[in-house]
Amino acid sequence: QVQLVESGGGLVQAGGSLRLSCVASRNIFSINVMGWYRQAPGKQRELVAGITSGGRTNYADSVKGRFTISRDNAKNTVYLQMNSLEPEDTAVYYCNARVVQPIVARTTDYWGQGTQVTVSS
């Protein structure tokens, strides 16, 4: 089991910055992938950024060059630095932890409760 708690959301003007944090209830070093997803009203949840236990990152095309995902294993925390925010970034942002257990062929996703990000024009 992994509990995830997000923080750092809020209201910001277009062009501004926010940093989201996600604290896990256990050591994240053993978690295969940590990621940030978002869901805007009337839209499906989408991947924003992910980072593997080895530090490999990937980003949605819409946020490349503006957002940076990082992890601090000592603090069991994953961050999402969001710069040059646009109104289209407005959504609820969710932290995700994916645990892969190849021996039993099982993948488990854990989710935080979400944090609202609103970007005004």
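## A tour from an aromatic pair to the core

Welcome! Counting rings whose centres lie within 6.5 Å of each other, this predicted model has one aromatic pair.

**Stop 1: the pair.** Select Tyr 37 and Trp 111. Now colour the strands: Tyr 37 belongs to strand S4 (residues 33–39) and Trp 111 to strand S10 (residues 106–111), so the pair ties together parts that are 74 residues apart in sequence.

Are these two residues buried or exposed? Tyr 37 is buried, with a relative accessible area of 15%, while Trp 111 is partly exposed, at 36%.

**Stop 2**

Stop 3: Nonpolar side chains tend to be buried together in soluble globular proteins. Here, the largest nonpolar core has 31 residues; select Leu 4, Met 34, Trp 36, Leu 80, Met 82 and Tyr 93, the members that touch the most others. Among the elements giving two or more residues to this core are S4, strand S5 (46–52) and strand S9 (91–101). S9 gives the most, with five residues.

**Stop 4: Leu 4.** Finally, zoom in on Leu 4. What does Leu 4 touch beyond residues up to four places away in sequence? Its contacts include Cys 22, Met 34, Cys 95 and a residue from your first stop, Trp 111.

Terms used: Residues are numbered from 1 along each chain as its sequence is written. This is a predicted model: local features need pLDDT of at least 70, side-chain atom pairs count only at pLDDT 80 or more; totals for chains, interfaces and linings use all residues. Side-chain values use heavy atoms; hydrogens and water are left out. Rings of Phe, Tyr and Trp (its six-membered ring) pair if their centres lie within 6.5 Å; planes under 30 degrees apart count as stacked, over 60 as edge-to-face and the rest as tilted. Helices (H or I, at least four residues) and strands (E, at least two) are DSSP runs, numbered from the N terminus. Buried means under 20% relative accessible area, exposed over 50%, partly exposed in between (1.4 Å probe, protein chains only). A nonpolar core is a set of buried Ala, Val, Leu, Ile, Met, Phe, Trp, Tyr and Cys residues joined through side-chain atoms within 4.5 Å. Contact means heavy atoms within 4.5 Å.
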